[in-house]
Amino acid sequence: MRQELDEALVRDFPNLYADRHNNKTPFCWGFECGDGWEPLIRKLSQEVEAIIVAMPEKERKKFRVKQVKEKFGTLRFYMGVAHDAIRAAIDRAEQESAQTCEDCGKPGKVRSGGWISVLCDEHEAERKKKR
Ligand SMILES: [Zn+2]
């Protein structure tokens, strides 16, 4: 994901993304996915940050993101600790990523052939040209 989008997420959700530069977690590599998923990650972040902010202050630091990446074509969003409401929000975002072009955010679908990716028709056509 491009740096300005990454920095904006970390700035806007300071509890959830407190470990962004902690090199003891894979999250020090940042958001390892395309820009097209930024809107769905932002929506998920709003939901989860709101849940965290409602907790007593000493509880909050347990609920931090450890890794965000693409795996087998779809979004993976790992936290050290989560609970049911957070888990449900993450599941929804991961499912949504399976229908969202990772490059541009338009409706897409899972494409196989080499690297599995979720792409819109346009970006799938572009990828095929490069092969
Ligand atoms: Zn696209």
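Colleague: In which sense do β1 and strand β2 pair in this predicted model, parallel or antiparallel?

Modeller: In this predicted model, β2 covers residues 65-71. Two bridges join β1 to β2. E32 stands opposite K69 of β2. The sense of the β1-β2 pairing is parallel.

Colleague: Which are the edge strands of the open sheet?

Modeller: The sheet is open, with mixed pairing and the order β1-β2-β3. An edge strand here pairs on one side only. That holds for two strands: β1 (31-32) and β3 (74-79).

Colleague: Which residues are the protein donors of the zinc ion?

Modeller: Their spacing in sequence is C-x2-C-x15-C-x2-H. The donor atoms lie 2.0 to 2.3 Å from the zinc ion.

Colleague: What is the geometry of the zinc site?

Modeller: There are 4 donor atoms. The angles among them run from 104 to 114°. For four tetrahedral donors the ideal is 109.5 degrees. The site of the zinc ion is tetrahedral.

Colleague: How many residues apart in sequence are the parts that C101 and H123 tie together?

Modeller: C101 lies in the loop between α4 (84-97) and β4 (109-111). H123 lies in helix α5, residues 121-130. The pair therefore ties together parts whose separation in sequence is 22 residues.

Colleague: Is C120 buried or exposed?

Modeller: Buried means under 20% relative accessible area. C120 has 5% relative accessibility, so C120 counts as buried.

Note on methods. Residues are numbered from 1 along each chain as its sequence is written. This is a predicted model: local features need pLDDT of at least 70, side-chain atom pairs count only at pLDDT 80 or more; totals for chains, interfaces and linings use all residues. Side-chain values use heavy atoms; hydrogens and water are left out. Two strands pair if DSSP finds at least two bridges between them. Helices (H or I, at least four residues) and strands (E, at least two) are DSSP runs, numbered from the N terminus. Donors are N, O and S atoms within 2.8 Å of the metal (3.2 Å for Na, K and Ca); water is not among the atoms, so sites may look incomplete. Four donors count as tetrahedral if all angles lie between 85 and 135 degrees; four count as square planar and six as octahedral if opposite donors are over 155 degrees apart and all others between 65 and 115; anything else is irregular. Buried means under 20% relative accessible area, exposed over 50%, partly exposed in between (1.4 Å probe, protein chains only).
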